[in-house]
Amino acid sequence: MNTQTNLHVPVQEKKPTTKVSDVSNVILREIFGTNEDFRIGVIKDITPAIAENLLKRNLINRNLRDGHVDWLANQMRLGYWKFTGDSIKLNCDGILVDKQHTLHAIVKSGTTQRFVVIGGLDDKIIEVIDTGISRTAGDVLKMNSIQNANTLAGVCRRILNFKSRGQISSFARSVKGVKDGIATTQKGFISNARILEEVSSNSRYSDAAQNSLKFYEASRMLSPSQYGLLYFLFSEKDPDSAWEFLSKFSNGVGLASDSPIYVLRQRLERERETKVKFSDSLKMYWFFTCWNKFRRGETLEQLTTPVKVEIPELL
């Protein structure tokens, strides 16, 4: 018996027979200059020129979001974009139903990216595309066996936001979609790949995340990622002082009434007890101000609220 015959029957022999499904196949063969059967999916390198030709079949997609295109293009230029087996899809009528933003980004970045290209799909497929749940940065870190994944991702995101833009908003409790001026464009967002790269190459993020959980356990006046941001920034100046400052702030032990840490703690405890909420910019200003006074060995009677909040340089 010739067993080789059964082992090597090509998948292409099982082809769709409907006439409409041939439309996309013909179109894709013309675009790529090949006789491959795209109804079974073919891995292809997508150049800017090929992307432009595919976009000519973009007839029914949602409106283009320029900011997202800019972000994708920057990811591609920086080398963060990887082949994941994701696919560019055409329905049975030869119409592009997925990856319009990615194709525009390939054109804008001038890069070549690899994708599975498949045609002949049901013309209703666009109704179910992109309805799944996206992976978070914490998911990605966890998949790479990194401890404290969610906390670490949150801390890293805040730090990147502050470092790249110096934004006061990096202290806000909700930081989904934080902008990153280094790895993205102005309208882009910090990518999971960027966070993975940062925490894998710099142990200070892990230190900040681990210590943030200890501070958070002592006092929940701040979130773990807020504690992590402050510890990371303060420890750049003096790690021992950073630990002392935030430890005393979180546990409140052994503080004189004129200590900058005590005055700061009392002010934020008052926020929790009343309906008056301080802005994130004001809290960041107070933390930096009290840190500087702590570093200089100065006392403090009360915290003032400036007319215009300008975050001081850390000492």
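Select Asn91 and Leu121. Leu121 sits in strand E3 and is the bridge partner of Asn91. You are looking at a predicted model, so treat each stop as a feature of that prediction.

**Stop 1: strand E2**

Now widen the selection to residues 87-91, which form strand E2. Is this strand mostly covered or uncovered? It is mostly covered, with five of its five residues buried. Colour the two faces separately. One side carries Ser87, Lys89 and Asn91. The other carries Ile88 and Leu90. Both faces are covered, and the residues on them are all buried.

**Stop 2: strand E3**

Strands of a sheet pair through backbone hydrogen bonds, in either a parallel or an antiparallel way.

**Stop 3: strand E1**

Select residues 42-46, strand E1. Here the faces differ in cover. Val42, Lys44 and Ile46 make up the covered face. Ile43 and Asp45 make up the uncovered face. E1 pairs with E3 in the antiparallel sense, over five bridges. Click on Lys44 to find one end of a bridge; its partner in E3 is Phe115.

**Stop 4: the whole sheet**

Show E1, E2 and E3 together. The three strands form an open sheet, ordered E1-E3-E2, and the pairing is mixed. Which strands lie at the edges? They are E1 and E2, each pairing on one side only. Neighbouring strands of the sheet are turned by 35° against each other on average, direction ignored.

H5 covers residues 100-109. Trace the chain from E2 through H5 to E3: together they make a right-handed β-α-β unit.

**Stop 5: Asn144**

Where does Asn144 sit? Its place is the loop between helix H6 (137-143) and helix H7 (149-165). Asn144 counts as partly exposed because its relative accessibility is 42%, and that class runs between the 20% and 50% cut-offs. Now show side chains. A polar atom of the Asn144 side chain lies 2.8 Å from the backbone oxygen of Val140. Then pick Leu196. Asn144 and Leu196 are 52 residues apart along the chain, and their C-alpha atoms are separated by 8.6 Å.

**Stop 6: Thr299**

Jump to Thr299, in the segment after helix H13 (280-296). Thr299 is partly exposed, since its relative accessible area is 47%. Which residues does Thr299 contact, leaving aside neighbours within four places in sequence? Select Asp258, Pro260 and Lys293 to see them. From C-alpha to C-alpha, Thr299 and Asp258 are 5.3 Å apart, though 41 residues separate them in sequence.

**Last stop: the whole chain**

Zoom out and show everything. How many helices and strands are in the chain? There are 13 helices and three strands. The chain has 315 residues, and 47% of them are buried. Consider contacts between residues at least 6 apart in sequence: 66% of these join residues at least 24 apart.

Terms used:
Residues are numbered from 1 along each chain as its sequence is written. This is a predicted model: local features need pLDDT of at least 70, side-chain atom pairs count only at pLDDT 80 or more; totals for chains, interfaces and linings use all residues. Side-chain values use heavy atoms; hydrogens and water are left out. Helices (H or I, at least four residues) and strands (E, at least two) are DSSP runs, numbered from the N terminus. Buried means under 20% relative accessible area, exposed over 50%, partly exposed in between (1.4 Å probe, protein chains only). Contact means heavy atoms within 4.5 Å. Two strands pair if DSSP finds at least two bridges between them. A crossover is right-handed if, with the strands pointing away from the viewer, the path from the first strand over the helix to the second runs clockwise. A polar contact is a pair of N or O atoms within 3.5 Å; within protein, one must be able to donate a hydrogen and the other to accept it, and residues adjacent in sequence count only if both atoms are side-chain atoms. Axes are lines fitted to C-alpha atoms, for helices over the stretch in contact, and angles run from 0 to 180 degrees between N-to-C directions.
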